[in-house]
Amino acid sequence: MGRTVLICDDAIFMRTMIGDILKQAGFEVVGEAETGLQAVKKYRELQPDFVTMDIVMPDMGGIDAVREIVESDPAAKVLMCSAMGQQALVIEAIQAGARDFVVKPFQPSRVLEAVQRVLG
Amino acid sequence: MKRTDYSDIFLTESREHVSVINEALLALEAEPDNSTAIASVFRAVHTIKGMAAAMRYTGVAELAHAMEQLLDPIRSGDQKIEDDTLQLLFSATDGVERGVEVAADDGEPLDASAIIRRLNAAAALGASATDSLNVVIRLDAAAPLPGVRAFLALREARELGTVMGVHPSEDRLGDDDFQGTISFWLDSTVSPEIIRERLLAVGDVIDVSVEAAGPEVGVEEMGTGGSPALRRGRFIRVDLNRLDRLVNQMGELVLVRDRLRREVGPSANPGLEEAVALAARLISEMRNEVMRVRMVPAGQVFDRFPRLVRDAARALGKAVDFIVQGSEIELDRTLLDEIGDPLVHLLRNAVDHGIETPAERNAAGKPELGTLRLEVEREGSGAVIRVSDDGRGISRDGVLEAAVARGLISPSTAAHLSDEEVFRLLTRAGFTTSARVTDVSGRGVGLDVVANRVRLLGGSLDISSQPGRGTAFEVRLPLTLAILRAMLIRCDGVVYALPLAYVSETAEVSAADIRAAGAGEVFLLRGEPIPLIRLHSLLGVEAPPRGTNVVAVVLELGDQCIALEIDDFTGQQEIVVKEFDSTVDTLRIFSGATILADGSPALILDADSVFSMAAGAAFPHS
């Protein structure tokens with residue numbers, strides 16, 4: 001069975017896109033979250049192998065969500081999804097405990113490489 | 001009681017133990033064999049571990065545990081404590097300190113995984129040899145958010161060791177103009193191949209270069225407090241060559257400053273005058289800062305001396321109380337490195353020949369415990385390093401006897417010499433009053449080597465001694481190699497600078513007392529023939545006819561003395577040495593140039609060349 005992933009993004013479009021890339025590579029999308037609060041809650045329920053996390057989301061942003069997730073599970077593997085020009089935010093997310101990042105628009109090869117590093 | 005009720009006690013006690021650890025580590029740094037210090041570190045670490053575990057502060061407990069593992073073989077005497085290990089323990093102690101504070105504050109728990117890994121690696125290695133590496137990482141030009149990738153690479157590097165001197169600085173990585181190349185220093189026990197591999201795996205990295213670090217200089221901001229974090233300060237490593245270039249350019253800028261002042265003078269334009277004055281002041285301040293960059297506290301070299309003195313005393317059966325003062329005074333790094341060996345020699349000499357055995361001291365009515373002092377003081381724009389003991393002192397008669405026996409002086413001369421002159425004989429090549437060969441001081445390599453080294457550094461060595469009371473050696477050094485004390489002399493109407501370190505005295509000689517000797521001339525100075533050379537002939541200028549008196553400056557290099565005949569003296573001054581541009585075909589006799597206080601330039605005479613040219617002029621030398 002493939003590794004499990006929780007996808008967190010407030011845009012359905014982005015969730016679908018990254019979901020397709022991961023599914024095609026054999027990962028199992030076990031859940032999706034539209035807000036930071038949902039992300040934290042679903043992570044605890046689902047205990048996925050890794051998480052993709054958008055930075056800007058309503059009801060707790062991605063960075064705070066990472067912080068909460070990593071606090072409750074220091075082994076949590078979170079991959080940040082960012083737009084160009086958000087480097088300062090991504091650095092903050094990494095300091096909060098995220099393991100790696102990908103930049104939109106997503107290129108499947110880059111996403112999968114980053115996932116490998118996160119799971120590595 | 002709830003856990004929080006204990007946290008105040010935990011915090012107070014842990015703080016005490018942390019300071020015990022720090023003090024003991026400092027003691028170990030000065031004296032790695034100090035078993036009492038090792039025992040107190042071990043005990044304090046162990047106590048913290050127990051308390052932290054009881055409080056469920058896992059991070060702190062694990063860190064303390066790792067420290068304990070590393071300390072165990074050292075405490076049992078199976079291993080010596082190396083400097084690397086000490087530095088690692090200092091870092092770990094900082095980690096414990098932080099961990100204790102945040103834990104008691106219910107803050108984020110301590111993540112000490114990186115330092116724990118290093119402690120474990122060092123413990124596993126037995127010896128914790130860390131390498132200093134210069135790492136350069138180049139990222140793929142197409143990498144999105146390269147700054148973040150660089151940040152990830154840094155994070156990875158920190159897992160491998162201690163990262164310093166990050167360029168561009170870490171807080172600039174979030175900026176848009178990051179160019180995709182990051183470099184830093186890495187102190188790591190991990191092999192360069194593995195470091196490369198791990199950094200390449202960070203992603204978007206196209207090239208990693210890992211090279212052994214070149215010569216380095218630690219530039220420290222000294223804190224006033226006693227904690228190791230403050231003590232070690234924040235620092236970057238800079239290639240010494242770069243600093244030298246900077247110092248050199250600064251020297252040029254100072255020349256420009258002086259010229260600017262001269263050219264502008266009192267101007268009709270007050271704005272211009274003010275701007276020049278301001279620029280001049282800034283340049284002066286900047287020069288001082290640049291000079292300061294090369295400065296490190298004397299303690300960096302002195303720290304190894306207590307151990308050395310103790311070992312020497314032990315080997316010779318002497319009881320010595322070694323006192324070091326002025327470790328905090330800053331000196332030029334190169335100067336300090338160079339003066340280290342001569343000081344070792346002086347200290348060993350003092351223990352070997354100066355301080356008597358406890359029995360001898362007892363018989364002489366002195367305390368059995370001898371005192372040896374190493375003191376540094378600022379003096380003017382230079383520094384004095386004083387090595388003094390309360391031992392038997394130097395016997396004037398013994399020195400004279402040995403000097404006469406070796407033919408250095410005649411018995412008739414011996415009687416007129418002042419104490420200072422007698423003691424100066426000790427710095428003549430091969431001179432020693434000691435017939436014994438010991439493991440500690442050896443034989444033959446004597447004060448002449450020390451005196452020469454000091455002189456090469458632009459300094460001077462003074463010896464004073466009282467029989468039965470002790471001996472003091474005073475090494476006077478410029479604060480930095482770029483500034484020199486010079487005697488200004490005039491020859492054929494031109495002023496030259498002569499490093500004062502080589503000048504033993506000045507003399508006015510009656511022309512009638514000058515005699516021909518071989519192809520040259522000599523005159524008698526206190527009964528000894530000194531070769532006399534006219535500076536004019538060395539410079540290739542025409543010498544004027546002699547008057548009734550001749551002005552000469554006596555130069556001393558090793559055990560040789562020569563006198564240079566000049567027109568007159570114009571004074572003494574501190575000069576900034578500016579190296580020569582060797583593309584110009586100049587006389588070898590000059591070592592550099594300088595700008596004098598009145599703004600005029602002057603050439604600096606090189607004493608070594610003067611001596612060899614004098615020898616080339618086929619002077620007889622006694």
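**View 1. The left-handed crossing of α3(B) and α4(B) in the predicted model.** In this predicted model, helix α3(B) passes helix α4(B) in a left-handed crossing. The axes of α3 (residues 58-75) and α4 (residues 83-104) of chain B come within 9 Å and cross at roughly 160°; because angles over 145 degrees count as roughly antiparallel, the two helices are described as roughly antiparallel to each other. On the side of α3(B), the contact is made by B:Gly59, B:Val60, B:Leu63, B:Ala64, B:Met67 and B:Leu70, and these meet a set of residues in α4(B) that includes B:Thr85, B:Leu89, B:Ala92, B:Gly95 and B:Val96, together with B:Gly99, B:Val100 and B:Ala103. By class, this contact between α3(B) and α4(B) holds ten nonpolar and four polar residues, with no charged residues.

**View 2. The five-stranded open sheet of chain B.** The strands of this open sheet follow the order β6-β8-β9-β11-β10, and their pairing is mixed. Its edge strands, each pairing on one side only, are β6 (320-325) and β10 (460-466) of chain B, and the twist from one strand to the next averages 15°. Strands β6(B) and β8(B), the latter spanning residues 370-379, run parallel and are joined by six bridges; B:Val324 has B:Leu374, in β8(B), as its bridge partner.

**View 3. Helices α12 and α13 against the sheet of chain B.** Helix α12 (residues 305-316) of chain B packs on the sheet, where it touches β6 and β8 of chain B, and its direction makes about 165° with that of β6(B). Helix α13 (residues 333-354) of chain B lies across β6, β8, β9 (382-389) and β11 (470-478) of chain B, and runs at about 20° to β9(B).

**View 4. The side of chain A that touches chain B.** Here 13 residues of chain A are in contact with ten residues of chain B. At least two residues of this side of chain A are supplied by each of α4 (87-96), β5 (100-103) and α5 of chain A, with the largest share, five residues, coming from α4(A). Divided by class, the residues on this side of chain A are eight nonpolar, two polar and three charged.

**View 5. A:Arg117 and its surroundings.** A:Arg117 is found in helix α5 (residues 108-119) of chain A, and is partly exposed, with 16 other C-beta atoms within 10 Å. Leaving aside residues up to four places away in sequence, A:Arg117 touches A:Asp100 and, in chain B, B:Gly203. The C-alpha atoms of A:Arg117 and A:Leu79 are separated by 9.5 Å, although these residues are 38 residues apart along the chain.

How values were computed:
Residues are numbered from 1 along each chain as its sequence is written. Chains are lettered from A and ligands numbered from 1 in the order in which they are written. This is a predicted model: local features need pLDDT of at least 70, side-chain atom pairs count only at pLDDT 80 or more; totals for chains, interfaces and linings use all residues. Helices (H or I, at least four residues) and strands (E, at least two) are DSSP runs, numbered from the N terminus. A residue is buried if 20 or more other C-beta atoms lie within 10 Å of its own, exposed if 12 or fewer, and partly exposed in between; C-beta atoms are placed from the backbone. Two residues are in contact if their C-beta atoms, placed from the backbone, lie within 7 Å. Axes are lines fitted to C-alpha atoms, for helices over the stretch in contact, and angles run from 0 to 180 degrees between N-to-C directions. Angles under 35 degrees count as roughly parallel, over 145 as roughly antiparallel, 65 to 115 as roughly perpendicular and the rest as oblique. A crossing is left-handed if the near helix is turned anticlockwise from the far one by less than a right angle, and right-handed if clockwise. Ala, Val, Leu, Ile, Met, Phe, Trp, Tyr, Cys and Pro count as nonpolar, Asp, Glu, Lys and Arg as charged, and the others, Gly among them, as polar. Two strands pair if DSSP finds at least two bridges between them.
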